[in-house]
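Here's a quick tour to read with the structure open beside you.

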Amino acid sequence: MRRPSAAPSATPPTAPGISLRQVTANGITVNVALCGSGPAVLLLHGFPHTWQLWSEVMPRLALHHRVIAPDLRGLGASTPASGGYDADSLATDAEGLLDALGERSAAVVGIDAGTPPAFLLAMRRPDLVRRLVVMESLLGPLPGAEDFLAGGAPWWFGFHSVPDLAETVLDGHEAAYIDWFLGTGTHGRGVPDRIRDAFVDAYTGPDALRRAFSYYRAMPTSGRQIRDAVTRGRLTMPAMAIGAHPVGSALERQLRPVADDLTGHLIEDCGHIIPLDRPEALLELLGPFLAADHRDRTP
């Protein structure tokens, strides 16, 4: 979907109660949005997003939780790192961020490119990750996604994976490209202008695009890391897999054999960008799941 560039929004980039901080973790500076107090909830976005993917759900989550929403490595206002885009390194970023913020445990929520690091962090640090929520992504080579992949991976995976190609082709056309993902990911409904503008700004220029596409170029490495993790252990904390369009229940099927306590949900009439397309439906699932975590922590 292509849409005209929106005029600069007069709306502040953060909602009331949301503050931005620069935090050093794992050798990089992480731009992170913070709000609320209580048990920590760490939100990991994907492509082509920034922390503002979570803008519509953060205020409600913040009523009972300390909400932590970083820009992932190399994206948004975080350090433009030259490497470290594999899932294990990104999990170490998340681990370091929680430590720097003084959090000894957290519920971790990942979508799209944020799902593999969320999963690996939960696998290696069950003492740190109290609960895990993953959405609209695949976990590398784990079985269960054969139906989804029957026609091959989505076309942009190959396009983004070729070194130096996509960033060269797209230079000067970033807005149209990002708009296509935002339109497709919301069944044509689109996202608020201020959030769309933030995404376009974050992914404009060949260097910004190169860092984004580094996530796709690291997928073979991330896939090996995921495969190795499930040979050594299982998900032991309560976990939830949420699907929409196009991934559907594929992620749940991948997790089912390796999770001790898994709940799966499919949100109807919802595009890939769940937190912006159907935020209320997402909150209806996250609320009780995270509330149970809160009750478990209450003496």
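Phe-159 comes out as buried in this predicted model, because its relative accessible area is 19% and the cut-off for buried is under 20%.

**Aromatic pairs**

- How many aromatic pairs are there? The count comes to 16.
- The Trp-155 and Phe-159 rings have centres 6.3 Å apart and planes at 35°, so this pair is classed as tilted.
- An α-helix has 3.6 residues a turn, so residues three or four places apart point the same way.
- Trp-180 and Phe-181 make an edge-to-face pair, with 5.0 Å from centre to centre and 90° between the planes.
- Trp-180 counts as partly exposed at 28% relative accessibility, whereas Phe-181 is buried at 9%.
- Both of these pairs belong to one aromatic cluster, made up of Phe-47, Trp-155, Trp-156, Phe-157, Phe-159, Tyr-177, Trp-180, Phe-181, Tyr-203, Phe-213 and Tyr-216.

**Cis peptide bonds**

- Phe-47, a member of that aromatic cluster, is joined to Pro-48 by a cis peptide bond with omega of about -5°.
- Pro-48 is in the loop between β3 and α1 (58–61).
- Another cis bond runs from His-245 to Pro-246, and its omega is near 20°.
- You'll find Pro-246 in the loop between β7 (239–243) and α10 (250–255).

- Asn-26 isn't a glycine, yet its phi is positive, at about 55°.
- Asn-26 sits in the loop between β1 (19–25) and β2, and at 37% relative accessibility it counts as partly exposed.
- His-187 also has a positive phi, near 55°, without being a glycine.
- Where is His-187? It lies in the loop between α6 and α7, and it is partly exposed at 37% relative accessibility.
- Thr-186 is in the loop between α6 and α7 too. Is Thr-186 buried or exposed? It is buried, with a relative accessible area of 0%.
- Leaving out residues up to four places away in sequence, Thr-186 touches Val-191, Gly-271, Ile-273 and Asp-277.

**Helix α7**

- Why call helix α7 (residues 193–202) largely enclosed by the rest of the structure? Seven of its ten residues are buried.
- The buried residues are Ile-195, Arg-196, Asp-197, Ala-198, Phe-199, Val-200 and Ala-202.
- Their cover includes α6 (174–184), α8 (206–217) and α11 (274–277).

**The nonpolar core**

- Nonpolar side chains tend to be buried together in soluble globular proteins.
- Here, the largest nonpolar core has 102 residues, and the ones with the most contacts inside it are Trp-54, Met-58, Leu-235 and Leu-255.
- Helix α12 (residues 279–297) provides the largest share of this core, with seven residues.
- Which residues does Leu-255 contact, leaving aside its neighbours within four places in sequence? They are Phe-119, Val-134, Leu-139, Leu-235, Ala-241 and Leu-262.

**Cavities**

- The structure holds three cavities of 30 Å³ or more.
- The largest cavity has about 100 Å³ of space.
- It is lined by 13 residues, and those closest to its centre are Pro-70, Leu-72, Leu-90, Asp-93 and Ala-94.
- Helix α2 gives the most, with four residues.

How values were computed
Residues numbered from 1 in each chain as written. Predicted model: local features only at pLDDT ≥ 70, side-chain atom pairs only at ≥ 80, totals over all residues. Heavy atoms only, no water. Core = buried A, V, L, I, M, F, W, Y, C linked by side-chain atoms within 4.5 Å. Buried < 20%, exposed > 50% of the residue type's maximum accessible area, 1.4 Å probe, protein only. Helix = DSSP H or I, 4+ residues; strand = E, 2+ residues; numbered from the N terminus. Contact = heavy atoms within 4.5 Å. 1 Å grid on protein atoms, 1.4 Å probe; cavity = no way out; pocket = protein on both sides within 12 Å on 5 of 7 lines; lining within 4 Å. Points joined across faces, edges and corners; volume = space filled by probe spheres on them. Phe/Tyr/Trp six-rings, centres within 6.5 Å; stacked < 30°, edge-to-face > 60°.
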